[in-house]
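Let's take a friendly walk through this model, from the overall layout down to a few residues that deserve a look. Keep the sequence and the 3D view open as you read.

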Amino acid sequence: NTKITTSEINFKKDIKKLVPLELISELLQGQPEIKSVELLKNAARIGATGCGHSGIICQHFAHLMCCIDQPAKFISPAEAVHGGTGFLQRGDVCVFASRGGKTKELLPILDICKAKGVKVSCDLNFRKKLWSSEKAQKVMTNLMQYVDVCIGNEEDAELVLGFKPGDTDVTSGELELAGYKSIFEQMVDKFNFEYCVSSLRVSRS
């Protein structure tokens with residue numbers, strides 16, 4: 001029954017003990033990332049796939065999941081369409097990593113995951129240093145057909161997918177919740193997301 005706070009867990013490089021997903025889930029209650037953590041926590045198996053440097057990250061991620069007793073496996077994109085995805089079953093989770101969002105080797109794996117009922121989570125998380133809004137919309141809009149859980153705020157929705165809430169201003173000190181609700185309802189209607197998760201913040205100066 002110990003209450004866990006963010007300050008009590010040291011995420012620095014010298015951390016000696018990995019944190020179970022159950023504790024991370026408790027820490028993130030009320031945050032948009034909670035849905036992705038819950039998918040990982042409840043999955044019987046976790047796959048991770050990516051190419052190049054992203055692939056190395058996915059191999060490390062799969063190893064870390066195994067270290068906290070979450071069965072996980074790195075799926076080589078080269079082997080994925082030749083039986084490598086047999087590891088994944090309905091209700092499992094597959095994590096994809098791609099810097100540009102359109103790595104050709106990963107697209108067939110998305111088709112397989114969708115056909116097998118494997119959950120796909122996507123954090124829009126727009127970064128202008130990586131690409132322009134126009135390029136992001138061109139790439140990401142096509143990928144949304146594979147996504148079950150979409151995470152992002154109203155700015156991400158506009159810059160990555162082209163949705164814009166009416167008459168809203170985060171700097172005004174007040175939020176027009178109806179406008180934000182409308183934008184996420186539009187996203188669910190268009191892309192048939194199982195969940196569309198966001199957090200609303202007010203900027204004050």
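## Overall layout

The chain in this predicted model has a secondary structure of eight helices and six strands. Reading from the N terminus, the order of the elements is α-α-β-α-β-α-β-α-β-α-β-α-α-β.

## Burial, surface and contacts

The chain has 205 residues, and 37% of them are buried. Its accessible surface amounts to about 12,500 Å², with 51% of that belonging to carbon and sulfur atoms.

## An aromatic cluster

Next, the aromatic rings. The structure contains two aromatic pairs. In one of them, the ring centres of F163 and F191 are 6.2 Å apart and the planes are at 80°, so this pair is edge-to-face; the cut-off for that label is an angle over 60 degrees. F163 sits in the loop between α7 (154-161) and α8, while F191 belongs to helix α8, so the pair ties together parts that are 28 residues apart in sequence.

If you select F193 along with F163 and F191, you will have the three residues of one aromatic cluster.

Finally, a look at the backbone. Most residues other than glycine have a negative phi.

N125 has a phi near 35°, which is positive even though the residue is not a glycine. You will find N125 in the loop between β4 (121-123) and α6 (133-143). With 36% relative accessibility, N125 counts as partly exposed.

N192 is not a glycine either, and its phi is positive at about 60°. N192 lies in the loop between α8 (177-191) and β6 (195-197). Is N192 buried or exposed? Its relative accessibility is 66%, so N192 counts as exposed, since exposed means over 50%.

Key
Residues are numbered from 1 along each chain as its sequence is written. This is a predicted model: local features need pLDDT of at least 70, side-chain atom pairs count only at pLDDT 80 or more; totals for chains, interfaces and linings use all residues. Side-chain values use heavy atoms; hydrogens and water are left out. Helices (H or I, at least four residues) and strands (E, at least two) are DSSP runs, numbered from the N terminus. Buried means under 20% relative accessible area, exposed over 50%, partly exposed in between (1.4 Å probe, protein chains only). Rings of Phe, Tyr and Trp (its six-membered ring) pair if their centres lie within 6.5 Å; planes under 30 degrees apart count as stacked, over 60 as edge-to-face and the rest as tilted. Accessible areas come from the Shrake-Rupley method with a 1.4 Å probe; for residues, only the protein chains shown count as cover.
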